[in-house]
Every structure is written in C-alpha cells, then in structure tokens.
Amino acid sequence: MWLPLLGLILGIALGVLTDIEIPSVYENYLSIAVLAALDTMFGGIRAQLQQVYDDKVFITGFFFNIALAAGLAFLGVHIGVDLYLAAIFAFGVRLFQNIAVIRRILITRWEEYRIKKRKNSSESR
Amino acid sequence: MKNNPQKSGVWSRKYFVILTVCIITGFIIGYSYNLSKDNRQITSSPTLYTQQQDAYREELIEQQERNKELAEELDEILETIRKYEKEYTTNEERYDELVEEAERLRILMGELPVTGKGISVTLRDDDYTGVTNPNDYIVHESHVFNVINELKISGAEAIAINGQRLKTNSYISCNGPVITIDGNQYPAPFVIEAVGDQNGLIGALEIGGGVFDQLLNDNIVVTVEKKEQIVMPSITKGNL
C-alpha cells in the first residue's frame, strides 16, 4: 500500500533534482502531461476500488493519455488554436469525476464497515 | 487474496506498474514545479528591471517638468528685468530729481545735519528803563514767530533757535521770561540761525515795514550776522 506513495515521493525528488533545460515553448505540454498523469493515476485508483482494474488498460491509458495531450497541444500550437485547453478541460473534468467516485466508494465502504462492527459488537454482547 | 500464491505474481506486476506510473507522475510533477520555479525567477528579475526603468523614467519626466517650470520662471524674471531696464532708461533723470527732492525734504524735516552758509539773527531784550510796562521790553514768542516765518517764507533750508533745530511740527510757546521750544526752555537772548541764501534772507527781514521794523518798534535789539559756516545737528541729535 505504501509502494505508490513511495514511488510518487521518489519521482518528485527526482524531478526536482534534475536540471534538464527544455525550451519554454514546451511548458504547455508539460502541464498537460502532469494533468494526464494525475488523471490516469486517479482513474487507476478508482478502477482498483471498483474492482475493474486492468494492468494493460492502466499502463496504456497512462502513456496514451499523455501522448494524446501533448499531441493535441502540439497541433494546437501549430494551427493557432488553443487545443491544449481542450485537453486541460477534459482531464480536469475527469480528474474531479474520478476523485468524486473514489470519495463515494470510500464513504460507502466506511459506513458498511461501521455497521458490520456494530453488528459484531451487539452479537458478542 | 494475499495468501493466494497464484495471484502473487499478478500482484507484484501490478505493484510494479503502479510504482512505475507513480514515479513517472512524480517526476513530471516535480520537474514542472522546478521549471515554473525557474521561470518565476527569470520573470521576476525582468519585472524588477522594468520597475527600476519605470521609476527612472518617472524621475526623468519629473525633472524635465521641473526644468520646464524653472525655464519659464527664468523667462519671466528676465522679462521683468528688461522692463525695469527700459523704465530705468526713461526715468533716470526723474530719479535724480526725486533723490534731490527727498534730500531737500529731509533737511526740512530736520532729519539730516546741515552745514552751510546762512545768517544768524539775535533777538535781545532792550535795557529796561523802568518807566513803562516791562513787558514792552522783552522778547515774546510772537517776535520769534515772525522772524521764523519770514525766514521760512524767504527760503531758509533749516532753522535753529539757540542750537535747537526746528522741525516742521515744532512748537514754540512763551513761558514768562523764557520760551519753550519742543519742551526745552531757552532764555533770552535768542539766536535764530538759518541756512540759506544770505542776501535773500537778510533782504526779506529788512524789507521796509517788515519784520525788523516791527521788532524795532517793539523795543527789541536785533542784530543780524552773515555766517559762512553754520553747523546744525539733526533733530535726533538736537533732542539728545
């Protein structure tokens, strides 16, 4: 359970410590990549909680989403339309939806756990 | 579930995938944080520079406005000076006249000490014979008045009685055997000194039926002297 958190912290440390310079033109892509990565992560957590998790879907979704977002932004820059806004919008909405679903599932589970515990305690009495 | 050995391989792969994704996500987040931090530093220094530039520009504008104001002020002052110069060239003669006039008026006021040619009139009580009223033989202030008025009319610049300078608002009153001039008492004989044209003054006094005749008629001994050098102090000194 601590593995993902550990990985996240490790990744952040790596990212902060790296000193690679990229042109400021590609910063938009990076922000979209951040959004896509977060979205995929929360999507994975949701899938895990809903027990529909699949390795292939998760890993392909992660990379494909990032690539798609970057591609959209790239296309947008080249045709003069701010397409990266579409990606940000889509990922933002999905992020919030995923988080909401996760929250509901967790709340439901917690309530079930409490009811079960109460039943157990009453039965033991 | 965990106890199932068949699923443990699946679990480890799953964890590996999750770990990879987490690391990549973390890397992207950290990297973009780093980048935006750098950007903030880069963008913050130009803003500082721009702020400085703006401040300098404002200061420059302020200075220029001040310069403009000062230049206008200078123009105004120069214009005024030119006007004064023009006035001066036209009025130079008049100024000289005014200065002379002021000098003359000051002498009349008794504010300046005066030296110059003039005459001295001495009024002396006649020797009392004891026959008639003694008042008829002494000098009264009316006699002094007559002499002073005559002298003033005939153009005396300055008059003094017994060394006491007369000013325009001096008063003279008879006080028994003495006369009081501006609060100082003087006994007879009275020496009236006048600065001015000697011949004119004497002529005015000695005119037929004039002051001298009246004085002689009142049994007063009058002597007139021409003086080459009469020194009169200013009233301020005289009052001391």
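Visitor: How many bridges join strand 1 (residues 114-125) of chain B to strand 7 (residues 190-195) of chain B, and which way do the two strands run?

Guide: Six bridges join strand 1 to strand 7 of chain B, and the two run antiparallel. Strands pair if DSSP finds at least two bridges between them, so six bridges make these two strands a pair. B:Ala194 in strand 7 of chain B is the bridge partner of B:Ile119. Please note that this is a predicted model, in which local features need pLDDT of at least 70 and side-chain atom pairs count only at pLDDT 80 or more, while totals for chains, interfaces and linings use all residues. Residues are numbered from 1 along each chain as its sequence is written, and chains are lettered from A and ligands numbered from 1 in the order in which they are written.

Visitor: What makes strand 3 (164-165) and strand 8 (220-232) of chain B stand at the edges?

Guide: Five strands of chain B form an open sheet, antiparallel in its pairing, in the order 3-2-7-1-8. Strand 3 and strand 8 of chain B each have a single partner strand, so one side of each is left without a neighbour in the sheet.

Visitor: Which residue takes a positive phi in the hairpin of strand 4 of chain B and strand 5 of chain B?

Guide: B:Gly176 does, with a phi near 70 degrees, and the hairpin has two residues between the strands. Strand 4 (residues 172-175) and strand 5 (residues 178-181) of chain B run antiparallel and are joined by four bridges. B:Cys174 has B:Ile179 in strand 5 of chain B as its bridge partner.

Visitor: How many helices and strands are there in chain B, and how many in chain A?

Guide: Chain B has five helices and eight strands, whereas chain A comes to four helices and zero strands. Helices (H or I, at least four residues) and strands (E, at least two) are DSSP runs, numbered from the N terminus. Along the sequence, chain A follows the pattern α-α-α-α, and the elements of chain B run α-β-α-β-β-β-β-β-β-α-α-β-α.

Visitor: Why is A:Ala73 called buried?

Guide: A residue is buried if 20 or more other C-beta atoms, placed from the backbone, lie within 10 Å of its own, exposed if 12 or fewer, and partly exposed in between. A:Ala73 has 24 C-beta neighbours inside 10 Å and therefore counts as buried. A:Ala73 lies in helix 3 (residues 55-79) of chain A. A:Asn28 is 45 residues from A:Ala73 in sequence, yet the C-alpha atoms are 7.3 Å apart in space. Beyond its neighbours within four places in sequence, A:Ala73 is in contact (C-beta atoms, placed from the backbone, within 7 Å) with residues including A:Asn28, A:Tyr29 and A:Leu83.

Visitor: Why does B:Ala204 count as partly exposed?

Guide: B:Ala204 has 19 C-beta neighbours inside 10 Å, and so counts as partly exposed. B:Ala204 is placed in helix 3 (residues 198-205) of chain B. Leaving aside neighbours within four places in sequence, B:Ala204 is in contact with B:Glu150 and B:Ser154. The C-alpha atoms of B:Ala204 and B:Leu151 are 7.6 Å apart, although 53 residues separate the two in sequence.

Visitor: Which residues of helix 2 of chain B are buried, and which exposed residues does the face turned away from them carry?

Guide: The buried residues of helix 2 of chain B are B:His143, B:Val144, B:Val147, B:Ile148 and B:Leu151. They cover an arc of only 130 degrees around the axis (taken from the directions from the helix axis to the C-beta atoms), which puts them on the same side of helix 2 of chain B. The face turned away carries the exposed residues B:Ser142, B:Asn149 and B:Ile153. After helix 2 of chain B comes B:Gly155, with a positive phi near 95 degrees.

Visitor: How many residues of chain A are in contact with chain B?

Guide: In chain A, 26 residues are in contact with 21 residues of chain B. Helix 1 of chain A gives the largest share of the side of chain A that touches chain B, namely twelve residues.

Conventions: Two residues are in contact if their C-beta atoms, placed from the backbone, lie within 7 Å.
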